[in-house]
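Q: Please take a friendly look at this model with me, starting with how its secondary structure is made up.

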Amino acid sequence: MRQITLRGYIDDYLADDLSHWLAFYNGSQEPVVLEIHSPGGSVIAGLRMIDAINSQPFPMHCKVNGIAASMAAIIAMNCKSVSMTPNSHLMFHELSTIAFGKYSEIKTELEFMDSLMDKLTGIMQKRFKQSNEELKTWLEKDRYITAEKALEMGIIDSIEGQTEALTKEEDMN
């Protein structure tokens, strides 16, 4: 199976790197594993990555090896399947920004943030099976999730690297 490693801060440079790798792999239907270890980063760059992933003719599978935090976790949730190594974590939180300027400019920024929150929770709904409003409330606090908890919640498909790989269909006891 082919693999792309996504490490570091999500920004336009990393989005460009991902797009180049996806273009390189574009001649085949063979699946690609996106291995992620990232603290997150730019929502706009992350949405570019999601668009690039969604435009591929081959399935993208995600493996979290370390942490997929913030936008990196959203990218992981967009893949066809998601696995984690036993000591990995996901981290989710609501959108954050810095805004300054006149009242009308800040109001415009807030409207844009609302539309981005809707996009992000829409992506999360694929795996979380909660309403947009339930997810927005849940995201008001930072949520660090272990591999075991993610499997229990049904937001990942398996835990890799154990003697016997655990899947969400198996009894966790």
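A: Helices (H or I, at least four residues) and strands (E, at least two) are DSSP runs, numbered from the N terminus. This is a predicted model, where local features need pLDDT of at least 70, side-chain atom pairs count only at pLDDT 80 or more, and totals for chains, interfaces and linings use all residues. Residues are numbered from 1 along each chain as its sequence is written, and side-chain values use heavy atoms, without hydrogens or water. The elements run β-α-β-α-β-α-β-β-α-α-β-α-β-β from the N terminus, for a total of six helices and eight strands.

Q: How are α1 and α2 oriented to each other?
A: Axes are lines fitted to C-alpha atoms, for helices over the stretch in contact, with angles from 0 to 180 degrees between N-to-C directions. Helix α1 (residues 12–25) and helix α2 (residues 43–54) have axes 8 Å apart at an angle of about 10 degrees. Therefore, with under 35 degrees as the cut-off, α1 and α2 are roughly parallel.

Q: Which residues in α2 meet α1?
A: Contact means heavy atoms within 4.5 Å. From α1 come D12, L14, A15, D16, L18, S19 and L22, and they meet A45, R48, M49, A52 and I53 in α2.

Q: Which helix supplies the largest share of the lining of the largest pocket?
A: A pocket is an open set of points on a 1 Å grid where a 1.4 Å probe fits, with protein on both sides within 12 Å along at least five of seven lines, and lining residues have an atom within 4 Å of a point. Of the 22 lining residues, G41, V43, S70, L95 and S96 lie nearest the centre. Helices α2, α3 (71–78) and α4 (103–128) each supply at least two lining residues. The largest share, seven residues, comes from α4.

Notes:
Parallel < 35°, antiparallel > 145°, perpendicular 65-115°, else oblique.
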